[in-house]
Amino acid sequence: MTKKILLLGSGYVAGPCLKFLLRRPENHITIASRRIENAQKLAGGHERAHPISLDVADPAALEAAIAAHDLVISLIPYTQHSRVIDAAVKHRKHVVTTSYVSPAMAEFDEAAKKAGVTVLNEIGLDPGIDHLYAVKTISEVHKEGGKILSFLSYCGGLPAPEASNNPLGYKFSWSSRGVLLALRNDAKYIEDGKVVEIPGPKLMDSAKPIYIYPAFAFEGYPNRDSTPYDKRYKIPECKTVLRGTLRYQGFPQFVKVLVALGFLDDSPKDFLAEAAQPIAWKNVLAQALGSSSDKEEDLKQAVIAKANLSGEAAKRAILGLSWLGLFSSTPVHRRGNYLDTLCATLEEKMQYLPGERDMVMLQHKFEVELKDGTRQTRNTTGLWFGVPNGGSAMATTVGVPCGIAVQLILDGKITRTGVLAPMDDDIVYPLLTALEAEGIRMDEEIL
């Protein structure tokens, strides 16, 4: 029996999701994008992939498209999900997203239940695969009569080591703006039973070494708000709960320099307006520093003073800024403010080159107390690499879980209704089984 699937969005992770779903001959997928060229490129001429142009801001067009399908996958910006869910519930159509459940999305829970509709969210990598293996371990420990005392989880999408050849040890697969803006977010977590709050400007100061495998020099810092997870994961006994981001060593320190210089500021600057006169990077840096000189040596000394650097940290920062061209006469791409002007240069210099691989690392570390009082550490670790000139690790680990969730709903193996995330065994274990069948798994060890 033919299954009609509407895929909203043709971006980075849509490809692996589409490829997975097209393996089933009954699946017919409509790929909807505002620019039909993007949908056509993704469809690649496949006879069961049908590209269309659709503006999700047009309520009538969106509703008509959703009404004509059995299920909608929403891979558009999360702020648009609630209008998708609204139309889907109205027409009794299932929904899958890879995004966190926002308050606006959660408001449709009761309506979705009444309509008999499954709205499954948070089924990518982080969130997604991280939930599945967290719930698995927590469920196993609780069934044995044990307690989770501490839960630490770190995830990072990074260049593979051989491609980490720049001052940030980072490359951009999509807009660098979102990556940099995330570095200004406040963070909250639970440590020894107390809530710890870190204001955005201090986020990089909280970074510390994270030891996973000896081959990798990682640093990690908290990712937004971890405080709901003792409830979400049903571990009220847990005294420490932290979900964090992984980066290569040196990333936090270099970002701190950029912050000190004012380059994460997105307030308008007249001299960076697109209509302004051309300006070189050295002059932009002089403006940021309040320096009357644009001579390289003067700028370097001003950077060291402004960012309060010394020794090896000063050398690394200056080398990094030199690599980016900030002491040079190279004209900047004027984008109206420091942040977007910097992003234009980062995206120019820090893209993946042909043949370079990305990498995803995810680890959960549980401190466990068994029923008899014995203490143990349980680690769950996933490491995935992209394929040179092929699929990226990030797109695969987000797109394939999303595709699996869609198929399980269509096959009647996930039947719970409402606005959901994979937090319970009846959803988690079917997803885990299918995920591991695709070769996407995490290694579990007890220490």
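This is a predicted model: local features need pLDDT of at least 70, side-chain atom pairs count only at pLDDT 80 or more; totals for chains, interfaces and linings use all residues.
## Notebook: strands, rings and helices

**Entry 1: around E14.** Strand E13 (residues 358-369) is joined to E14 by 11 bridges, and the two run antiparallel. I then followed the turn. E13 and E14 make a hairpin with 5 residues between them. Glycine 373 lies in that turn and has a positive phi of about 95 degrees.

E14 has another partner to note. Strand E16 (residues 443-446) pairs with E14 in the antiparallel sense, over 4 bridges. Within that pairing I found arginine 378 opposite isoleucine 446 in E16.

Is E14 enclosed or open to the outside? I checked its burial. Of the 11 residues of E14 (residues 375-385), 8 are buried, so the strand is largely enclosed by the rest of the structure.

**Entry 2: around E11.** Next I went to strand E11 (residues 218-222). It is mostly covered, with 5 of its 5 residues buried. I sorted the side chains by direction. Phe218, Gly220 and Pro222 point one way, while Glu219 and Tyr221 point the other way, and all are buried.

Which residues stand across from phenylalanine 218? I found one in each neighbouring pairing I looked up. Strand E10 (residues 208-210) pairs with E11 in the antiparallel sense over 3 bridges, and isoleucine 210 stands opposite phenylalanine 218. Strand E12 (residues 240-248) is joined to E11 by 5 bridges, also antiparallel. There the bridge partner of phenylalanine 218 is tyrosine 248.

**Entry 3: the open sheet.** I traced an open sheet of 7 strands with parallel pairing. I wrote down its order as E3-E2-E1-E4-E5-E6-E15. The edges are strand E3 (49-53) and strand E15 (418-420), each pairing on one side only. From one strand to the next, the twist averages 20 degrees.

I took a closer look at one pair in this sheet. Strand E4 (residues 71-74) and strand E5 (residues 94-97) run parallel and are joined by 4 bridges. Valine 72 stands opposite valine 95 in E5.

E5 also holds threonine 97. Its relative accessibility is 0%, so threonine 97 counts as buried. I checked its separation from glycine 391, which is 294 residues apart from it along the chain. Their C-alpha atoms are separated by 20 Å.

Entry 4: How many aromatic pairs does a search of the whole structure find? I got 10. One of them joins tyrosine 170 and phenylalanine 172 edge-to-face, at 5.2 Å centre to centre with 70 degrees between the planes. Both tyrosine 170 and phenylalanine 172 are buried.

Ring pairs also link Phe151, Tyr229, Tyr233 and Phe366 into a cluster. The charged end of arginine 243 sits over the ring of tyrosine 229, 4.3 Å from its centre. Elsewhere I noted lysine 300, whose charged end sits over the ring of phenylalanine 327, 5.7 Å from its centre.

**Entry 5: a helix pair.** My last stop was helix H1 (residues 14-21) and helix H15 (residues 393-410). They pack at an angle of about 40 degrees, with their axes 7 Å apart. H1 and H15 are therefore oblique to each other. I recorded their crossing as right-handed.

Methods: Residues are numbered from 1 along each chain as its sequence is written. Side-chain values use heavy atoms; hydrogens and water are left out. Two strands pair if DSSP finds at least two bridges between them. Axes are lines fitted to C-alpha atoms, for helices over the stretch in contact, and angles run from 0 to 180 degrees between N-to-C directions. Rings of Phe, Tyr and Trp (its six-membered ring) pair if their centres lie within 6.5 Å; planes under 30 degrees apart count as stacked, over 60 as edge-to-face and the rest as tilted. Buried means under 20% relative accessible area, exposed over 50%, partly exposed in between (1.4 Å probe, protein chains only). A charge sits over a ring if NZ of Lys or CZ of Arg is within 6 Å of the ring centre and within 35 degrees of the ring normal. Angles under 35 degrees count as roughly parallel, over 145 as roughly antiparallel, 65 to 115 as roughly perpendicular and the rest as oblique. A crossing is left-handed if the near helix is turned anticlockwise from the far one by less than a right angle, and right-handed if clockwise.
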